[in-house]
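Please open the structure in your viewer and keep the selection tool at hand. This tour moves from one selection to the next and says what is there.

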Amino acid sequence: MQCLFMENTTIPKINYYKESLKQYKKIKGNYKDKKPNLLLHVCCGACSCFPLIFLADLFNVTIFFSNSNIYPKNEYDKRLNALKEYVNEINKRLKSDIKLVEDTYDYNLFKVDLEPFKDEREGLNRCHICITKRFIRLFEYAKNNGYNIVTTVMSISRNKDVDFLNTLGKEMSKKYGIEYFVNDFKKSGGQDLGVKLSKFFNVYRQDYCGCEFSLKSTKDE
């Protein structure tokens, strides 16, 4: 599998934090009487800590946990359970109604497209394909279930290519006719706040990205 939607695409350098604030203001103006529904891809509890609080002020958030990249299954369960616990806590404290949808988990099928790039360092083809596959699931679920705005929390990590994430999101937005909320959640202290929140709420924090190849790379270091 090649990285869909990104072939022959020049990725511009854009301040996506500033762009997200502009988009936030525009959406707030367009939905004065009610919050729009957002389908939010979340990769783990720790990465959701700050973005959920930021987004819940503007949107009715439904989390889409689509992460068949995570290996092994017990690690997948740890991340999902940590997310569920955090969402329950935030719903109580913010009096919000954040919902969570779990996608089908099938690591063996998912990794077929990653395996040809198993020896690459993180951040190259393997990671781009992994993100693309999960974005396809995100946009397809949104299209089939009536969501017109989607985004992901993954930009909270300094290990993720924020330009790739947002360019891919905007390209898929054109294909599916669904708005992509651009973001760079780590900017303006977002990542530091996320770490503080995860420690305060004792949210499980993993030490590798997800797939068995990233796990092996971490162990080899």
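Begin by selecting Cys-47, Ser-157, Asn-159, Gln-206 and Tyr-208, which lie nearest the centre of the largest pocket, among the 27 residues that line it. Here a pocket is an open set of points on a 1 Å grid over the protein atoms alone where a 1.4 Å probe fits, with protein on both sides within 12 Å along at least five of seven lines, and lining residues have an atom within 4 Å of a point. Helix H2 (45–56), helix H7 (190–200) and helix H8 (212–220) each give two or more residues to this lining, and H7 has the largest share, three residues. A helix is a DSSP run (H or I) of at least four residues, numbered from the N terminus.

This is a predicted model, in which local features need pLDDT of at least 70 and side-chain atom pairs count only at pLDDT 80 or more, while totals for chains, interfaces and linings use all residues. Residues are numbered from 1 along each chain as its sequence is written, and side-chain values use heavy atoms, without hydrogens and water.

Next, select Ser-66, Asp-103, Lys-133 and Arg-137, which are among the residues lining the second largest pocket. Helix H4 (107–110) and H5 each give two or more residues to that lining, with H5 giving the most, four.

Because 14 of its 20 residues are buried, H5 is largely enclosed by the rest of the structure; buried means under 20% relative accessible area, with a 1.4 Å probe and protein chains only.

Methods:
Buried means under 20% relative accessible area, exposed over 50%, partly exposed in between (1.4 Å probe, protein chains only).
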